[in-house]
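Please keep the sequence and the model in view while reading.

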Amino acid sequence: MITIEKLGVILSPTNLEFENSGVINPAIYQDGNTVHILYRAVQEGNLSTIGYAKMEGPTKIVERMETPLISREFDYEKQGAEDPRVVKIEDTYYITYTAYDGVNAMGALATSKDLIHFEKHGIITPTVNYEEYESHVNKCNAAKLNPKYHQYYNLFSQIGLVGDETRLLRDKDVLLFPRKINGQFVLLHRIWPGIQIVKFNKWEDLTKTFWEDYLMHLTDHIILDPKDPYEINYIGGGVPPIETPCGWLLIYHGVQETTTGKMYHAKAALLHLEKPEMELSRLPYPLFSPTKKWEKEGIVNNVVFPTGSALFENDLYLYYGAADKHIAVAKMNINELLLELKKQP
């Protein structure tokens, strides 16, 4: 087993209106000893923006803005800019986040050259309703497709909303690999209940036609589906993949159904460096689970939701939302984690 040290809460809600309910699920960008935190700031009423703080070293907060870094501006995000992730590719920062309009939760993109000024590029995930989605995925190899991929369609069909043009495919946990692979952008996302991969040459490629063809071949793009009891309900991407000599280290979340409700765990897998659609291994048990009071009791109980990392020598720091209220950090030795992953059959 891997030795995990939970270092506790580093950011919590304040009396400022934009973050008075929750401070959670941070994007992390490390520049040497400086660690930038772009976090989901939740206002009462479940209205989310993206706040900013800065650390020197892995845990010492030295700066925190009193207004949102990224606000809600457009109809597609009128209730929330949620759960950001950030990578820098060449000279551009790419911030992917969940845009929530009160009904739909979809993947959106913003870019920046300096983490001060941001340009929003809108929704980047499929803009199809569930009737269209079902029509597309029914062209897949049914034997390879987890029946849960039909669950939202079945639910909306039962209540007469399946053809609703305003209720679109939920697509969350959108995150980029931190460099191009074979000249292409590579992106992970979560169409419930698994994690899928997308490769493309330029952002303009992500058209409705592109996504329709993608959904018709969805089984070719699923890289991880729920597997063990700790992720039996569903899984979702967490931290942007970390490049190691052994492969891409993916820290994600798995959701377990328990007798008292859902429990979120931090999980780990290893993907092939040049063919990241290939799963090399995954831990059959959680990296860590909700055990501390701040993880077990909050806005949503029993949640650890890792979304960012920093590496100081061999110490890997994982930053995570705790019980949808705080941001906390856990530390482990990355070599120990990689060795444990390589042991898996």
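**Pockets, a cavity and a helix pair**

The lining of the second largest pocket is made up of 15 nonpolar, six polar and two charged residues. Here Ala, Val, Leu, Ile, Met, Phe, Trp, Tyr, Cys and Pro count as nonpolar, Asp, Glu, Lys and Arg as charged, and the others, Gly among them, as polar. A pocket is an open set of points on a 1 Å grid over the protein atoms alone, with protein on both sides within 12 Å along at least five of seven lines; a cavity is a set of points where a 1.4 Å probe fits but cannot get out, and lining residues have an atom within 4 Å of a point.

The model is predicted: local features need pLDDT of at least 70 and side-chain atom pairs count only at pLDDT 80 or more, while totals for chains, interfaces and linings use all residues. Residues are numbered from 1 along each chain as its sequence is written, and side-chain values use heavy atoms, with hydrogens and water left out.

The volume of the second largest pocket is about 450 Å³, a volume being the space filled by probe spheres set on grid points joined across faces, edges and corners. Its lining has 23 residues, of which Pro178, Pro241, Ile242, Glu243 and Ser309 are the closest to its centre. β19 (304-312) gives the largest share of this lining, five residues. Helices (H or I, at least four residues) and strands (E, at least two) are DSSP runs, numbered from the N terminus.

The largest pocket holds about 750 Å³ of space. Among its 34 lining residues, Arg170, Lys172, Tyr234, Tyr264 and Asp324 are the closest to the centre. Its lining has 13 nonpolar, 10 polar and 11 charged residues.

One cavity of 30 Å³ or more is found in the whole structure. The largest cavity contains about 50 Å³ of space, and its lining includes Tyr130, Lys148, Arg170 and Trp192. Both α1 (130-137) and α2 (151-158) supply at least two residues of that lining.

α1 also packs with α3 (residues 208-216), at an angle of about 50° and with the axes 7 Å apart. This angle makes α1 oblique to α3, because angles under 35 degrees count as roughly parallel, over 145 as roughly antiparallel, 65 to 115 as roughly perpendicular and the rest as oblique. Axes are lines fitted to C-alpha atoms, for helices over the stretch in contact, and angles run from 0 to 180 degrees between N-to-C directions. Glu132, Tyr133, His136 and Val137 of α1 meet Lys208, Glu212, Leu215 and Met216 of α3, contact meaning heavy atoms within 4.5 Å.
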